[in-house]
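Welcome, and thanks for taking a look at this structure.

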2 protein chains.
Amino acid sequence: MSESGTTSEQYLRLIEGELEESLLLIAGSPLKEGIKYVFSMGGKRVRPLVTVFAAESVGKVSGDVLHAAAAIEILHNFTLVHDDIMDNADTRRGKVTVHVRSGVNTAILVGDQMMALAYDCLEKCSGDHLREGLRVFNEGVKQVCDGQALDESLSKTNGSGMSDYIDMISKKTGALLKAAAELGGVVGGGSRTEVESLGTFGLNLGIAFQILDDLLDLEGDADRFGKPKGLDIIEKKKSFLFLKAQESLDRSRVAVVNAAYSKATVAEQDVEAVRNAYREGGIFDAAREEVSRYTETALSGLASLRESRGKDALTNLANSLVQRKF
Amino acid sequence: MSESGTTSEQYLRLIEGELEESLLLIAGSPLKEGIKYVFSMGGKRVRPLVTVFAAESVGKVSGDVLHAAAAIEILHNFTLVHDDIMDNADTRRGKVTVHVRSGVNTAILVGDQMMALAYDCLEKCSGDHLREGLRVFNEGVKQVCDGQALDESLSKTNGSGMSDYIDMISKKTGALLKAAAELGGVVGGGSRTEVESLGTFGLNLGIAFQILDDLLDLEGDADRFGKPKGLDIIEKKKSFLFLKAQESLDRSRVAVVNAAYSKATVAEQDVEAVRNAYREGGIFDAAREEVSRYTETALSGLASLRESRGKDALTNLANSLVQRKF
């Protein structure tokens, strides 16, 4: 397979094909139907695209790259299935979550089986790439688990601040994009320096992505995103906005935020009051600045790579992600 | 490291050391303490011993073998953590289960992180062994997940019979011992035929082990086993005994069994009635015969291997497992 002239749409089709093909590896499994359902829930397939483009930026897109891209997407989907159980989420992307559809026990097993399936895809990679790919991938899995654990504990502890939050999202969201980019670098045959540069790109893009996600909780388009506005406030999440507010809002505006967060049930007018305090106190602007700052750091990771279609594609992907409105 | 003269106790110490060392791979993880707790819950470490002895039966016990043995034990423990959530089990080996101790969410994550840790241990294996080891290991993980899923669905469906049960335990219990033995064969440098023979050993030993477990639910020593007698009846499990009873008990005795299984709450005298029906109807004897039959098939797997300390150790291990009284 040559990378020349392959469009994102064509890569997306190849990735879907690879996911479909992975199901053959669990042909007789009673959990296959559940995993197929997870695949059918869709998503933008950002992470496997990062893997493919990263490989293209340092070498070429071989069969190994598609195996690795599928492994990354399956890993991501596994984390969603288990996270949805933990977060008690009923829907995702407008569809019912696996544990609502099939029960918590089956959802735990669907996730576990997806993890094994991800490693199965990875195992298809040729000898040169297998060990280093596995190392990068495992590091991603471990950090993602840590990130989710930190998220759990931060939500229960008072007094956690911005640095705890950045550490948490670096792991929960950053580590998977980092692994996606590094894995692409490894299977694309990149040098150690190139793989590291790609890691910088992925990690910081992930952080930018998560801060934007927190921002769009209040600013985005409810219909497209499929969840009500201000959900983080309703659920009293210690989001970037909340923590930034604690740091930099004046006393009267912080009081508004904390009053809402201390209510047993947060009403619509509370959300509105917090939104106004954030807006007027410059929290939205601060969030946008942080998104830009992390995106720039991400792109600076690419600076040392030679010019290539893959590098352009990663740059475009990063820019389009942080310009999203939903 | 030479295998000559190393005793089981010495191997057990090496395995514990390897487990301890694996924690360094997640040194900063918020989940490390939970995993350490799981390791401290103990257990007989049968599976990693099988890996070590299997390696010894075809070659030698190198560092790779200990990495693989640790991976197998961590995989086994991961399945216990998630199974305990699914089975709503409060204790295991006399200690509180992880989800009771730290909540379901943390227990899900501890399990997930253990799976990543198992692959981390495996990744330490040298080049020659990595891919084949990974293949064997993944196959084990997938089958174990399938086995647990089948167990879930069998418990909810009527009309499942002995063949469904054997399929289920082949995966739920057999596959892990199969993987343990095969992985030992692979990292010990065994031939394809030797690895297959070891697989036959592990699979059938696992089936024997599970049938014995079902038998000891009624026959064993409650204190040592740490759970009340007849728990399978109280929980209306479709155990080997129950399914064999459906096949071969006379009508009046089946009626006794089914009467107990149809009660909202199974009382002590119901357990006693079922136990008598099983005993008098020859179900216990039939179970013992099946245990012997599968154990013999397991040992026949070893027949083609050359004489060695490892082979002797596997034989002894199998015999001691199926002679256990608790």
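V254(A) touches A245(A), Q246(A) and L249(A), leaving aside residues up to four places away in sequence; touching, or being in contact, is defined as C-beta atoms, placed from the backbone, lying within 7 Å. This is a predicted model, in which local features need pLDDT of at least 70 and side-chain atom pairs count only at pLDDT 80 or more, while totals for chains, interfaces and linings use all residues. Residues are numbered from 1 along each chain as its sequence is written, and chains are lettered from A and ligands numbered from 1 in the order in which they are written.

- V254(A) lies in helix α13 (residues 251-261) of chain A; helices (H or I, at least four residues) are DSSP runs, numbered from the N terminus.
- V254(A) is partly exposed, because 16 other C-beta atoms lie within 10 Å; by definition a residue is buried with 20 or more other C-beta atoms within 10 Å of its own, exposed with 12 or fewer, and partly exposed in between, with C-beta atoms placed from the backbone.
- The C-alpha atoms of V254(A) and G281(A) are separated by 9.4 Å, and these residues are 27 residues apart along the chain.
- I283(A) belongs to helix α15 (residues 283-303) of chain A and is buried, with 26 other C-beta atoms within 10 Å.
- Not counting residues up to four places away in sequence, I283(A) touches L241(A), K244(A), A245(A), L249(A) and Y278(A).
- Between the C-alpha atoms of I283(A) and A245(A) the separation is 6.4 Å, with the two 38 residues apart along the chain.

**Around L12(A)**

- L12(A) is found in helix α1 (residues 8-22) of chain A.
- With 15 other C-beta atoms within 10 Å, L12(A) is partly exposed.
- L12(A) and S126(A) are 114 residues apart along the chain, and their C-alpha atoms are separated by 22 Å.

**Where chains A and B meet**

- Chain A gives 32 residues to the contact and chain B gives 32 residues.
- On the side of chain A that touches chain B, the elements giving two or more residues are α4 (63-86), α6 (104-123) and α7 (127-156) of chain A.
- The largest share of that side, 14 residues, comes from α7(A).
- By class, the side of chain A that touches chain B has 16 nonpolar, 8 polar and 8 charged residues; Ala, Val, Leu, Ile, Met, Phe, Trp, Tyr, Cys and Pro count as nonpolar, Asp, Glu, Lys and Arg as charged, and the others, Gly among them, as polar.

**How helices pair**

- The axes of α6(A) and helix α4 (residues 63-86) of chain B come within 9 Å and cross at roughly 160°; axes are lines fitted to C-alpha atoms, for helices over the stretch in contact, and angles run from 0 to 180 degrees between N-to-C directions.
- That crossing makes α6(A) roughly antiparallel to α4(B), a term for angles over 145 degrees.
- The contact is made by N105(A), I108(A) and D112(A) of α6(A) together with H82(B), I85(B) and M86(B) of α4(B).
- Within chain A, the axes of α7(A) and helix α8 (residues 162-187) come within 8 Å and cross at roughly 165°, so α7(A) is roughly antiparallel to α8(A).
- The contact of α7(A) with α8(A) has 12 nonpolar, 6 polar and 10 charged residues.

Notes
Two residues are in contact if their C-beta atoms, placed from the backbone, lie within 7 Å. Angles under 35 degrees count as roughly parallel, over 145 as roughly antiparallel, 65 to 115 as roughly perpendicular and the rest as oblique.
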